[in-house]
Amino acid sequence: MSTTHHIGILRGEETTFPDALIPFINENYSDQNVEASFVEVGAVRMDVEPTYDVIIDRISHEVPFYRSYLKWAALKGTYIINNPFWWSADDKFIDNVIAESVGVAVPRSVILPHKERPPNTSAKSFRNLEHPINWDDVFEYIGFPAFLKPFDGGGWRDVTRVTTPEEFHEAYNQSGIDCMMLQEGIDFDSYFRCYGIGQKKAHIMRYNPSVPMHERYSAVSSEPIEEDLRQKLERDVLAICRTLGYDMNTVELAMRDGVPYAIDFMNPAPDADYHSVGPENFAWMVDAMAEFAVEKALDDRPPQQFSTQGALYPGVSE
């Protein structure tokens, strides 16, 4: 008797991508005994087994209960897209350090202390901080224009372009308890947003970050991407995704003087809405995500995901 392999989608507010992905999997992979459905979860007991072989996570970054549920499922053997342990530990500043270590160009970046003390802390909690901060050194290293952004933000949340020390301090003073990163502004002549799926496939999309969100994939040049550049972009995208361990991600790259700089690549639940990315990009994402999820569902021994290296403690998994 054949065993049915279950793929679950943990969805959030988006509709088009999960609603398209489930029937696509069920219609194209039913002959492989694969079945996809939306995840349903209530109170989670420690002593039971998860329902799904694979879960595609689109919302746990917004809901702590979901994140803990996914960690539990991963420990029990479910393959989670994306690894909930690394996603919980990740931040944009350290990602820049990691990307640079694998030969990807990144903007100069500085992580900054909180402007306001986080809850449940006092002045004593910050006795370790240099005071005052050497702002002249920071500005000399980063230069202007620059971008001030939360070190763990997404969707362009609270990103501010600053062109002078005065503009920086005005924005920084409004950052509250967020931990912020100041990053060199790249004066680019072209810009790309790229899907990375399964650490094997990359899809290169022209992107225009200077226009309203709904036009960013359409208000772009129709000129074909040169093959040498395409290969370089694909190499950088996959190098980042493999090093970070992300099976689903977008990487944004800005071209300056012929060099692609990775601007933003902590997007483990990337935009895949039909109305945003357009029909061609949407179709690629659905097909690639379905193929990878099915591959993992059929894997008899998927890698354990206790950390970005694959095991929480040395020797736990092979």
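The paragraphs that follow proceed from the whole fold to individual residues.

The model is predicted. Its secondary structure amounts to nine helices and 12 strands. With a radius of gyration of 21 Å, close to the 20 Å that the globule rule gives for 318 residues, the protein is as compact as a globular protein of that length. Taken along the principal axes, the box filled by the C-alpha atoms is roughly 70 × 55 × 35 Å. Of the 318 residues, 47% are buried, where buried denotes a relative accessible area under 20%.

Charge pairing is the next topic. Side chains of opposite charge can pair when their charged atoms come close.

Lysine 76 is partly exposed, at a relative accessible area of 29%. Glutamate 49 has a relative accessibility of 55% and counts as exposed, because the exposed class begins over 50%.

A further salt bridge links the side chains of lysine 201 and glutamate 291, at 2.6 Å from N to O. Here the partners belong to elements of secondary structure: lysine 201 lies in strand E10 (residues 201-206) and glutamate 291 in helix H9 (residues 279-297), so the pair ties together parts that are 90 residues apart in sequence. Both partners are partly exposed, lysine 201 with a relative accessible area of 34% and glutamate 291 with 35%.

Arginine 235 and aspartate 236 also form a salt bridge, in which the closest N and O atoms are 3.0 Å apart. Aspartate 236 is buried, its relative accessible area being 0%, while arginine 235 is partly exposed at 39%. Elsewhere, salt bridges with shared partners unite Arg108, Glu184 and Arg256 in one network.

On the surface, Glu130, Asp136, Asp137 and Glu140 gather in a patch of negative charge. Aspartate 136, one of its members, is situated in helix H5 (residues 135-142). The relative accessibility of aspartate 136 is 61%, and this residue therefore counts as exposed.

The loop between strand E5 (109-112) and H5 contains asparagine 128. Asparagine 128 is likewise exposed, with a relative accessible area of 71%. Between asparagine 128 and serine 175 the separation is 47 residues in sequence and 21 Å in space, C-alpha to C-alpha.

Which residue lies 7.4 Å from tyrosine 195, C-alpha to C-alpha, although 53 residues separate the two along the chain? That residue is methionine 248, which is located in strand E11 (residues 248-256). At a relative accessibility of 0%, methionine 248 counts as buried.

Notes
Residues numbered from 1 in each chain as written. Predicted model: local features only at pLDDT ≥ 70, side-chain atom pairs only at ≥ 80, totals over all residues. Heavy atoms only, no water. Patch = residues over 30% accessible without salt bridge, like charges linked within 9 Å, V, L, I, M, F, W, Y side chains within 5 Å. Areas by Shrake-Rupley, 256 points an atom, 1.4 Å probe, with all protein chains shown as cover. Salt bridge = Lys/Arg side-chain N within 4 Å of Asp/Glu carboxyl O. Lys, Arg positive; Asp, Glu negative; His and termini not counted. Charge placed at Lys NZ, Arg CZ, Asp CG, Glu CD. Helix = DSSP H or I, 4+ residues; strand = E, 2+ residues; numbered from the N terminus. Buried < 20%, exposed > 50% of the residue type's maximum accessible area, 1.4 Å probe, protein only. Rg over C-alpha atoms; globule rule 2.2 N^0.38 Å.
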